[in-house]
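Look over the structure first, then read the points below.

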Amino acid sequence: MTAVGAEPLLRVEDLRIVFASRRGELVAVDGVSFAIARGEVLGLVGESGAGKSVTGAAIIGLLDPPGRIAGGRILFEGARIDHLPEEELRRLRGRRIGAVFQDPLTALNPLYTIGRQLVETMRTHLDIGAAEARGRALRLLKEVGIPAAERRFDAYPHELSGGMRQRVVIALALAADPALVIADEPTTALDVSIQAQIIALLKRLCQERGTAVLLITHDMGVIAGAADRVAVMYAGRIVEIGPVAEVLLAPKHPYTVGLMGSIPPLGRKVERLMQIEGSMPRLHEIPPGCAFHPRCPHMRPRCREARPEPVTVGPGHHAACWLFAEEGPDGRA
Amino acid sequence: MLAFVLRRLAQALLVMLTVGLIAFALFRYVGDPINNLVGQETSLAEREALRERLGLNDPFFVQYARFLANAARGDFGFSYIYRRPVAELIAERLPATLELSFAAALLALLVGIPMGVYTALRRRGVLAQGFMMVSLVGVSIPTFLIGILLILVFGVLLRWLPTFGRGEVVELGWWTTGLLTVSGLKALIMPAVTLALFQMTLIMRLVRAEMLEVLRTDYIRFARARGLKSRTIHFGHALKNTLVPVMTITGLQLGSIIAFAIITESVFQWPGMGLLFVQAINEVDIPVMAAYLMLIALFFVIINLVVDILYYLVDPRLRADRAVAHGHG
Ligand SMILES: Nc1ncnc2c1ncn2[C@@H]1O[C@H](COP(=O)(O)OP(=O)(O)OP(=O)(O)O)[C@@H](O)[C@H]1O
Ligand SMILES: [Mg+2]
């Protein structure tokens, strides 16, 4: 399902992530494929527990045990990065792939000044001296909109507000000029009044640098405003992926349709879907066939028996639903 | 900073006054001090005269105040047994106890912290699990037993180390040190190990637990996401955050090393204050007991104060008087 360009920046193919547990292996992500082109913003949405965060963590090699990549491939700039040795992954993280975490209040080391954390990140990846790193860090702090950057350079995290700290986190993610940033709910923990500012900042900075973004969020408003394409996840699978305008205005998968019908007032989380009865199954009780069938208004017998594969429903627009498959479970659309 | 130190100093003073009260009560109400000063044949009138002269008939608070004033000058009167000023006796014994305690504290920290870090980082390693098991043994065997076992093995069977005493000492002014002679250093090994073992295992387990906690935090995860080297993350970011809470408890532990030295000094006949105190208890030598109590309390208070100030210097979140650089958005 590579949508854009000959060689995308990131290509995830048939990714499968499992967690070992007492009840056996729980499959958190199953057969997920997508690609991100250079400079592109791909939104990743879905209910809580859909597998968005573990997908992001797998890409930067930060899946915590007992989680592991059990299948599929992750290619970055054409080379496989799943199962890389830890030292090579480390050189990639922060250097080529940056990360923005959800909670800026806990993402920064409380005992180091923000200047020190910036300089340290730069000097780990770039061959520059202390003075040059300081200069770069100050410029970056100004760019992310921190007033009086000179003074803030020596401030400790607790001396900054949540919004300011998230700006610092963004600066840290961009410190070594990565080609891709994975932003996992970058505004969820923030005050509603500053969420839009932070998203706009992230989008502008990445646009200026040609940095691609995997933007994980609950918030359809964020997707509408910032993403080029969007992937919708449900129970560990991508059920629909396509250009933002297509998916938001003409959703195909019944789950996406329900999701769009339940867009809350801008800025609020999609925790429960009003339009769709029931809730997403937990990992150990994902039903056979299409995982969405118990909640689907268009459910047919076939949906209980076989899992639908993604089919093309428009230009660069795919949905995994039997409604759009021309052939039966044993044929491919 | 100044307000912080002053507040802590006031608290320290309160603690010292309370301990002083206990020491004073000991003085005043355990037995009749006059009996300890005069012989059997002294007449009642003579006793009463002495009582009056020593101020023992004054009101409680007057006596307490006088006791404190004297104590502050280091004057605890005369030992009933040795018939010498208590301050002199203590000053003679102090170096032995302090050298033993500092050696033990240093050992406990220098071994305990690295072992704690190691067992946290290699949680599932065979060696780390071995350390954890040994440490359980270390916590559960009483100190005197460890001392006796050491004496048996290294003193009696192998004859490598002396089993008692301090070895040869060198005088530096009023301070006597065993650290400058070979026999003094050899004599120090077993008592120091004995005294350190319990604290060492405690510090190790504490550091391990705290480090594991820190390694799970968001900022460590984010540090990894930033691609920092694991050396930087473990021994910079994680260790520093681990040591902040560990510092307080460890500080208190060091105080209790000085207090626990009593047992070790008895086992090894180490000529320190602990041994003096045990003898004082046997002989009901109240002035020595009182002085010892107050000195130990003073050590605790000083260590506490130092730890608090260190804590304040290490953790920027406590420095409330820094200009708060709050911004909006
Ligand atoms: N350490 C773990 N052990 C077991 N299961 C886990 C672990 N971490 C995540 N999971 C499971 O993996 C699934 C996906 O989790 P993930 O955090 O990716 O969800 P998410 O889509 O990011 O949700 P949210 O919107 O709440 O962040 C969940 O069902 C979760 O229970
Ligand atoms: Mg998540």
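Helix α7 of chain A passes helix α8 of chain A in a right-handed crossing, meaning that the near helix is turned clockwise from the far one by less than a right angle. This is a predicted model: local features need pLDDT of at least 70, side-chain atom pairs count only at pLDDT 80 or more, and totals for chains, interfaces and linings use all residues. Residues are numbered from 1 along each chain as its sequence is written, chains are lettered from A in the order written, and side-chain values use heavy atoms, without hydrogens and water.

**The helix pair in chain A**
- α7(A) spans residues 162-174 and α8(A) residues 192-209.
- They pack at about 20°, with axes 11 Å apart.
- That makes the two helices roughly parallel (an angle under 35 degrees).
- From α7(A), the contact (heavy atoms within 4.5 Å) includes A:Gly163, A:Arg167 and A:Leu174.
- From α8(A), the residues in contact include A:Ile194, A:Leu201 and A:Arg209.

**Helix α4 in chain B**
- α4(B) covers residues 60-72 and has 13 residues.
- Its buried residues (under 20% relative accessible area, 1.4 Å probe, protein chains only) are B:Gln63, B:Tyr64, B:Phe67, B:Leu68 and B:Ala71.
- These cover an arc of only 135° around the axis, so they lie on the same side of α4(B).
- On the other side, B:Phe61 and B:Ala72 are exposed (over 50%).
- The cover over the buried residues includes α1 (2-29) and α12 (286-314) of chain B.
- B:Gly74 follows α4(B), with a positive phi near 80°.

Conventions: Helices (H or I, at least four residues) and strands (E, at least two) are DSSP runs, numbered from the N terminus. The expected span of a helix is 1.5 Å times one less than its number of residues. The arc is that of the directions from the helix axis to the C-beta atoms. Axes are lines fitted to C-alpha atoms, for helices over the stretch in contact, and angles run from 0 to 180 degrees between N-to-C directions. Angles under 35 degrees count as roughly parallel, over 145 as roughly antiparallel, 65 to 115 as roughly perpendicular and the rest as oblique.
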